[in-house]
Amino acid sequence: HFRKPGIMFKNTPYFMKGEKVYNLLAILMALVLPFSISASYVPLTLALFLMVFNKEKPPKDFLLIIILYLWRFITLVFNRIIPVDIKDIYDKMGYPLFSGFKGNPKVVIYAFAVSSTSLAILGFLSKNFGILNIRLTEYQCVEKTCEVGFKKTKKVYISGDFVKIKNISFKFGDKIATDEKPGKGWKRMGEITVNPLYRHITHDFVGFYGHKHHTASLFSFSSIMFFCLSLYYSPFFILAFIPSLYALILTNSYLYIYFTLLALSFVFFLRLGLIRSFPYVLLSTFPIIFAFYFKSAFSPKLIWSFSKRTEYWEIGINIWKGDPIFGVGYSQISGYLKPYFEKGIIDNTAHLHSVYINSLAETGVIGLALILIITIYFILKYAVLYIRTGSIFALILASVWVVFSLVGIFEVNFDTTALNLCLYFFMGIFEAGLRHPQRLSPHPNG
């Protein structure tokens, strides 16, 4: 027997001008999210003004996020660092700002289906037909050190990726590609063709975010959402699900692909009423993972990647031991990784490649505990809501939180701007639907 998914959509007339504005801002947010982080802040900021003007109350559980950032503030002050890095709480403000949304969630979902599908199509065209290809001149450093001095911050192509730089030093043999001569000590090597959305060297679809994991988080969310809607509400959403899943695979982000496919399998078995069979499906993936990891063409890369991660984790634990309570301060790990980078032990200083170890090193045991509490709370909140009400929204959010928390074991994604803007925005939109079920209608077949 199929479980009734409960409440869904219902048209609501607009009685207030503020409601119209909220609806327009939500639609705008859904349209620009896949294309620009900067543009996403426009509807987010306008929603903040609207929330203050209408005296809307945020969800009570957003207090958990506030407590987390208060502790992060304390860790920075304790380490005598100006606490400017806590400003990224703004990326999570979509939850309280759009929880006052009073329009039709279906319109917002359709808008996101159009924008995410459009980006997926651009990824397909970039990979197979070279759309948006650009020609750049490649230069090589032929002196001991070469300085780059642009008048303004400029995007240059370095080691298969676009990086924003202005004044920076390079060593002998380094290569960069740009449309402007970088300075003295650089030899012109010729012209190359590159694509801003798809990296043909590494075969990664990075989208407009410029990073495969960030784009993968977006399409992981959209794949889960449209798959749930296609199973529980309307087969129409399969038209948005297929491009999203294709784009996710195109990112070449193995972790997001694997855990998202597991989530999709879980939802599928849940819809068929065969949830007891899911553990067998899960177990059957282990031999496939084993073969993929040890016996495939990707094995050398995967084994190297995992071994590097274990080195980062060991370093992170050692850094944490220096101050188990306060850590080194939120978002300060890069400075502590530089000595290891200079010795050649690690290949970058971005983070520790695990949300949990990164949090432990930066904000101590309390910071780690808060992240675990927040993660477990939202998973249980939406899982219980689904069990009690059969809400599709709750099922989507529970699945997404599980996927992102599992990816977080191997990646630092809890504070990723692209992920937070998308996740917390839809948490707000869906929260409005969960709090006001009279605005939504039952499953058409329910």
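Student: How do α8 and α9 run relative to each other, roughly parallel or roughly antiparallel?

Tutor: Roughly antiparallel, since that label covers angles over 145 degrees and theirs is about 160°. Angles run from 0 to 180 degrees between N-to-C directions, with axes fitted to C-alpha atoms over the stretch in contact. Helices here are DSSP runs (H or I, at least four residues), numbered from the N terminus.

Student: How far apart are the axes of α8 and α9?

Tutor: 10 Å, for α8 (residues 254-272) and α9 (residues 278-294).

Student: And which residues meet?

Tutor: From α8, Tyr254, Tyr258, Leu262, Ser265, Phe266 and Phe269 meet Phe278, Val281, Leu282, Thr285, Phe286, Ile289 and Phe292 of α9. Contact means heavy atoms within 4.5 Å.

Student: What's the provenance?

Tutor: It's a predicted model, where local features need pLDDT of at least 70 and side-chain atom pairs count only at pLDDT 80 or more, while totals for chains, interfaces and linings use all residues. Residues are numbered from 1 along each chain as its sequence is written, and side-chain values use heavy atoms, leaving out hydrogens and water.

Student: New topic: is Glu362 buried or exposed?

Tutor: Buried, meaning under 20% relative accessible area with a 1.4 Å probe, protein chains only. Glu362 sits in α12 (residues 355-389).

Notes. Helices (H or I, at least four residues) and strands (E, at least two) are DSSP runs, numbered from the N terminus. Buried means under 20% relative accessible area, exposed over 50%, partly exposed in between (1.4 Å probe, protein chains only). Lys and Arg count as positive and Asp and Glu as negative; His and the chain ends are not counted. A salt bridge is a side-chain nitrogen of Lys or Arg within 4 Å of a carboxyl oxygen of Asp or Glu. Angles under 35 degrees count as roughly parallel, over 145 as roughly antiparallel, 65 to 115 as roughly perpendicular and the rest as oblique.
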